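Student: I would like to go through this structure with you by question and answer, and please state the cut-off behind each term as it comes up.

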Amino acid sequence: MVNEMSEHDERPDGLTQLQATLAGGFKAPMGETLGFHLAEVERGHVVFEGTPDRSVYNPLGSVHGGYAATLLDSACGIATHSALGPDRGHTTLELKVSYLRALSESSGTVRATGRVVSVGKRVAFAEATLIDGEGRLCATATSTLLVFDVAPRARGALQS
(Lines give C-alpha, C1' and ligand atoms only; values in the text may rest on other atoms or scores of the structure.)
Protein backbone atom coordinates (compact mmCIF):
# COMPACT_ATOMS: atom_id res chain seq x y z
CA MET A 1 0.00 0.00 0.00
CA VAL A 2 1.37 3.40 -0.98
CA ASN A 3 1.40 5.97 1.82
CA GLU A 4 1.33 9.11 -0.31
CA MET A 5 -1.53 11.46 -1.08
CA SER A 6 -2.70 11.55 -4.67
CA GLU A 7 -3.26 14.79 -6.51
CA HIS A 8 -7.00 14.31 -5.99
CA ASP A 9 -6.84 14.05 -2.18
CA GLU A 10 -7.63 17.19 -0.24
CA ARG A 11 -5.09 18.14 2.37
CA PRO A 12 -6.47 19.03 5.79
CA ASP A 13 -6.53 22.66 6.84
CA GLY A 14 -5.31 23.77 10.26
CA LEU A 15 -8.69 23.37 11.94
CA THR A 16 -9.11 19.81 10.65
CA GLN A 17 -5.60 18.92 11.84
CA LEU A 18 -6.30 20.30 15.31
CA GLN A 19 -9.69 18.60 15.57
CA ALA A 20 -7.98 15.28 14.81
CA THR A 21 -5.29 16.04 17.39
CA LEU A 22 -7.91 16.83 20.01
CA ALA A 23 -10.00 13.75 19.18
CA GLY A 24 -6.89 11.54 19.37
CA GLY A 25 -5.84 12.90 22.76
CA PHE A 26 -2.38 13.83 21.46
CA LYS A 27 -0.30 16.14 23.67
CA ALA A 28 2.73 18.05 22.48
CA PRO A 29 5.87 17.18 24.47
CA MET A 30 5.86 20.69 26.03
CA GLY A 31 2.29 20.13 27.20
CA GLU A 32 3.26 16.82 28.76
CA THR A 33 6.24 18.40 30.52
CA LEU A 34 4.24 21.33 31.93
CA GLY A 35 0.96 19.47 32.40
CA PHE A 36 -1.37 21.34 30.04
CA HIS A 37 -3.45 20.30 27.04
CA LEU A 38 -5.63 21.56 24.22
CA ALA A 39 -9.21 21.46 25.52
CA GLU A 40 -11.26 23.24 22.81
CA VAL A 41 -10.75 24.23 19.21
CA GLU A 42 -12.84 26.17 16.72
CA ARG A 43 -11.72 28.21 13.72
CA GLY A 44 -9.76 31.15 15.15
CA HIS A 45 -10.41 30.20 18.79
CA VAL A 46 -8.76 27.67 21.14
CA VAL A 47 -8.56 26.89 24.84
CA PHE A 48 -5.69 25.25 26.68
CA GLU A 49 -6.08 23.98 30.25
CA GLY A 50 -3.55 23.12 32.91
CA THR A 51 -3.26 22.84 36.67
CA PRO A 52 -0.04 24.38 37.95
CA ASP A 53 1.71 22.67 40.84
CA ARG A 54 5.00 23.11 42.68
CA SER A 55 6.94 21.58 39.76
CA VAL A 56 6.52 24.91 37.90
CA TYR A 57 7.38 27.18 40.86
CA ASN A 58 10.14 29.77 40.77
CA PRO A 59 12.51 30.27 43.74
CA LEU A 60 10.18 32.95 45.16
CA GLY A 61 7.40 30.45 45.81
CA SER A 62 4.92 31.10 43.00
CA VAL A 63 4.39 29.73 39.50
CA HIS A 64 7.15 30.84 37.16
CA GLY A 65 6.03 33.46 34.62
CA GLY A 66 7.26 31.17 31.86
CA TYR A 67 4.40 28.77 32.62
CA ALA A 68 1.80 31.47 31.91
CA ALA A 69 3.77 32.71 28.89
CA THR A 70 3.95 29.19 27.46
CA LEU A 71 0.20 28.67 27.76
CA LEU A 72 -0.49 32.10 26.24
CA ASP A 73 1.99 31.55 23.39
CA SER A 74 0.44 28.15 22.70
CA ALA A 75 -3.06 29.65 22.69
CA CYS A 76 -2.07 32.42 20.27
CA GLY A 77 -0.16 30.06 17.98
CA ILE A 78 -2.71 27.29 17.84
CA ALA A 79 -5.60 29.75 17.39
CA THR A 80 -3.68 31.03 14.39
CA HIS A 81 -3.05 27.49 13.12
CA SER A 82 -6.78 26.79 13.31
CA ALA A 83 -7.37 29.58 10.78
CA LEU A 84 -4.72 28.47 8.26
CA GLY A 85 -5.30 26.57 5.05
CA PRO A 86 -3.63 23.33 4.03
CA ASP A 87 0.17 23.30 3.82
CA ARG A 88 0.52 26.52 5.83
CA GLY A 89 2.49 26.93 9.04
CA HIS A 90 3.33 29.63 11.55
CA THR A 91 5.90 30.67 14.12
CA THR A 92 5.85 33.33 16.79
CA LEU A 93 7.73 36.51 15.89
CA GLU A 94 6.76 38.48 18.98
CA LEU A 95 4.90 37.77 22.22
CA LYS A 96 3.98 40.43 24.75
CA VAL A 97 2.72 39.16 28.10
CA SER A 98 1.15 41.24 30.86
CA TYR A 99 1.02 39.54 34.27
CA LEU A 100 -1.92 40.67 36.40
CA ARG A 101 -2.18 38.06 39.17
CA ALA A 102 0.31 35.47 40.41
CA LEU A 103 -0.44 31.78 39.96
CA SER A 104 0.12 29.14 42.63
CA GLU A 105 -0.78 25.52 43.24
CA SER A 106 -4.06 26.81 44.71
CA SER A 107 -5.02 28.56 41.43
CA GLY A 108 -6.90 25.47 40.28
CA THR A 109 -7.27 24.65 36.61
CA VAL A 110 -6.17 27.61 34.51
CA ARG A 111 -7.53 28.30 31.03
CA ALA A 112 -5.65 30.09 28.27
CA THR A 113 -8.07 31.23 25.58
CA GLY A 114 -6.54 32.28 22.27
CA ARG A 115 -8.27 34.29 19.54
CA VAL A 116 -7.16 35.29 16.07
CA VAL A 117 -7.28 39.02 15.42
CA SER A 118 -6.28 38.77 11.74
CA VAL A 119 -4.46 36.44 9.38
CA GLY A 120 -2.78 37.71 6.24
CA LYS A 121 -0.65 36.00 3.63
CA ARG A 122 2.57 36.48 5.66
CA VAL A 123 1.63 37.80 9.11
CA ALA A 124 -1.03 36.97 11.69
CA PHE A 125 -2.03 38.68 14.93
CA ALA A 126 -3.57 36.89 17.90
CA GLU A 127 -4.40 37.57 21.53
CA ALA A 128 -4.94 35.41 24.58
CA THR A 129 -6.13 35.58 28.17
CA LEU A 130 -5.30 33.34 31.11
CA ILE A 131 -7.85 32.87 33.88
CA ASP A 132 -7.55 30.87 37.10
CA GLY A 133 -9.95 28.29 38.51
CA GLU A 134 -12.10 31.03 40.04
CA GLY A 135 -12.42 32.92 36.76
CA ARG A 136 -9.98 35.70 37.69
CA LEU A 137 -7.87 37.23 34.93
CA CYS A 138 -4.21 36.42 35.62
CA ALA A 139 -2.39 37.35 32.41
CA THR A 140 -2.94 38.55 28.86
CA ALA A 141 -0.85 38.35 25.70
CA THR A 142 -0.68 39.67 22.18
CA SER A 143 1.29 37.92 19.49
CA THR A 144 2.62 38.60 16.01
CA LEU A 145 3.19 35.44 13.98
CA LEU A 146 4.92 34.71 10.69
CA VAL A 147 2.75 32.66 8.32
CA PHE A 148 4.47 30.56 5.63
CA ASP A 149 4.10 27.62 3.26
CA VAL A 150 5.18 24.19 4.46
CA ALA A 151 5.95 21.10 2.40
CA PRO A 152 2.96 18.78 2.12
CA ARG A 153 3.13 15.72 4.37
CA ALA A 154 2.66 12.20 3.11
CA ARG A 155 -0.48 10.47 4.36
CA GLY A 156 0.27 8.55 7.52
CA ALA A 157 3.36 10.61 8.35
CA LEU A 158 3.82 11.13 12.06
CA GLN A 159 2.97 14.71 12.97
CA SER A 160 5.17 16.57 15.41
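The questions below go from the overall fold to single residues.

Tutor: Before we start, note that this is a predicted model, in which local features need pLDDT of at least 70 and side-chain atom pairs count only at pLDDT 80 or more, while totals for chains, interfaces and linings use all residues. Residues are numbered from 1 along each chain as its sequence is written, and side-chain values use heavy atoms, with hydrogens and water left out.

Student: In what order do the elements of the protein chain run from the N terminus on?

Tutor: Helices (H or I, at least four residues) and strands (E, at least two) are DSSP runs, numbered from the N terminus. By that rule the protein chain comes to three helices and six strands. Read from the N terminus, their order is α-α-β-β-α-β-β-β-β.

Student: Which strands stand at the edges of the sheet?

Tutor: Two strands pair if DSSP finds at least two bridges between them, and on this basis six strands form an open, antiparallel sheet in the order β1-β2-β4-β5-β6-β3. The strands at its edges have a single partner strand each, so one side of each is left without a neighbour in the sheet; they are β1 and β3 (88–99).

Student: What angle does the direction of α3 make with that of β3?

Tutor: Axes are lines fitted to C-alpha atoms, for helices over the stretch in contact, and angles run from 0 to 180 degrees between N-to-C directions. Contact means heavy atoms within 4.5 Å, and α3 packs on the sheet by touching β1, β2, β3, β4 (110–119), β5 (123–131) and β6. Its direction makes with that of β3 an angle of about 140°.

Student: How many of the six residues of β2 are buried?

Tutor: Buried means under 20% relative accessible area, exposed over 50%, and partly exposed in between (1.4 Å probe, protein chains only). Strand β2 (residues 45–50) pairs with β1 in the antiparallel sense over six bridges, and six bridges also join β2 to β4, again antiparallel. β2 is largely enclosed by the rest of the structure, because the number of its six residues that are buried is five.

Student: Which residue in the turn between β1 and β2 has a positive phi?

Tutor: β1 and β2 form a hairpin with two residues between them. The turn residue with a positive phi, of about 80°, is G44.

Student: Where do the buried residues of α1 lie around its axis, and what covers them?

Tutor: In helix α1 (residues 14–24), G14, L15 and L18 are buried. They cover an arc of only 95°, taken from the directions from the helix axis to the C-beta atoms, which puts them on the same side of α1. The face turned away from that side carries the exposed residues A20, A23 and G24. What covers the buried residues includes β1 (36–42) and α3 (65–81).

Student: Is S143 buried or exposed, and which backbone oxygen does its side chain reach?

Tutor: S143 lies in strand β6 (residues 137–149) and, leaving aside neighbours within four places in sequence, is in contact with C76, T92, E94, L95, A124, F125 and A126. Because its relative accessible area is 2%, S143 is buried. Its side chain reaches, at 3.2 Å, the backbone oxygen of E94.

Student: How many disulfides does a search of the whole structure find?

Tutor: A disulfide is a covalent bond between the sulfur atoms of two cysteines, and the criterion applied is a pair of cysteine sulfur atoms within 2.5 Å. C76 is buried, with a relative accessible area of 0%, and C138 counts as buried at 1%. The number of disulfides found in the whole structure is zero.

Student: How far apart in space are G85 and P12, C-alpha to C-alpha?

Tutor: G85 is found in the loop between α3 and β3 and touches D13 and G14, not counting residues up to four places away in sequence. G85 and P12 are 73 residues apart in sequence, and their C-alpha to C-alpha separation in space is 7.7 Å.

Conventions. A polar contact is a pair of N or O atoms within 3.5 Å; within protein, one must be able to donate a hydrogen and the other to accept it, and residues adjacent in sequence count only if both atoms are side-chain atoms.
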